[in-house]
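Q: I'm new to this and I'd like to learn how to read a protein model. Could you walk me through one?

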Amino acid sequence: MADYKLQAQKRENVGTNLEELRKSGIIPAVIYGKGKENINLQVERNSFMRVFNKAGENSLIELEIAGEGIPKNVLAHEVQTHPVSDEVIHIDFYEVRMDEEVETEVPLVFTGEAPAVKDLEGTLITNKDYVEVKCLPANIPHEISVDISSLATFDDSITAKDLKIPANVE
């Protein structure tokens, strides 16, 4: 069961003439999945932004489509933004099967204070701010914590094997 819920309606208006829809606070979207037929949708902008700011691209969202009884478990697979205004202009939802593993990116959250930064006046450089994981959709971690307090010298590093991830996540 997903922690985040979102309402959507089926959309009849397709193609390139969607500006009126966007101006009225509605974001065009599509839902697709393995062996599923694509469905054109629309979601209310403020509702989506509230959910997306908490869930991100790697947490399950329970998407309820008006007129359909059973909600769908989806990931916000791709969120397209306008290059100038940074407003969300389209969303691709990926409907997951709860019994099949998925691959997704999980953000890294750096915690603690590195002695090399604090005492030696160094600069922390992170080569990655996310890692790819493979697991069942219900087991996707929202984030992975990385304790940087073990970085005592400039030669110290943290690798993927040092990350603490749940046992059911690869």
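What follows is a short chat about the model, going from the whole chain to single residues.

Q: What should I know before I start?
A: This is a predicted model, in which local features need pLDDT of at least 70, side-chain atom pairs count only at pLDDT 80 or more, and totals for chains, interfaces and linings use all residues. Residues are numbered from 1 along each chain as its sequence is written, and side-chain values use heavy atoms, with hydrogens and water left out.

Q: How many helices and strands does the chain have, and what is their pattern?
A: Helices (H or I, at least four residues) and strands (E, at least two) are DSSP runs, numbered from the N terminus. Here you get three helices and nine strands. Along the sequence they read β-α-β-β-α-β-β-β-β-α-β-β.

Q: What is the radius of gyration of the chain?
A: That radius is taken over C-alpha atoms, and the globule rule is 2.2 Å times the number of residues to the power 0.38. For 170 residues, a compact globule would come out near 15 Å, but this chain has 20 Å. Its C-alpha trace spans about 60 × 40 × 20 Å along the principal axes.

Q: What share of the residues is buried?
A: Buried means under 20% relative accessible area, exposed over 50%, and partly exposed in between (1.4 Å probe, protein chains only). Of the 170 residues, 38% count as buried.

Q: Which residues touch the most other members of the largest nonpolar core?
A: Start with the general idea: in soluble globular proteins, nonpolar side chains tend to be buried together. A nonpolar core is a set of buried Ala, Val, Leu, Ile, Met, Phe, Trp, Tyr and Cys residues joined through side-chain atoms within 4.5 Å. The largest one here has 22 residues, and L41, F48, I91 and F93 touch the most other members. Two or more residues each come from β1, β2, β3, α2, β4, β5 and β6, with α2 giving the largest share, four residues. Another core, of 17 residues, lies apart from it and includes V106 and C135.

Q: Which residues is L41 in contact with?
A: Contact means heavy atoms within 4.5 Å. Leaving aside neighbours within four places in sequence, L41 is in contact with a list of residues including A8, I27, L63 and F93. Across the chain, residues 24 or more positions apart account for 63% of the contacts with a separation of 6 or more.

Q: Is T104 buried or exposed?
A: T104 has a relative accessible area of 11%, so it counts as buried. You'll find T104 in strand β7 (residues 102–111). Not counting residues up to four places away in sequence, T104 touches E57, N58, V131, E132, V133 and I140.

Q: Where is D129, and what does D129 touch?
A: D129 is also in the loop between α3 (115–118) and β8 (130–135). Not counting residues up to four places away in sequence, D129 touches P107 and L108. The C-alpha atoms of D129 and V109 are 7.7 Å apart, although 20 residues separate the two along the chain.
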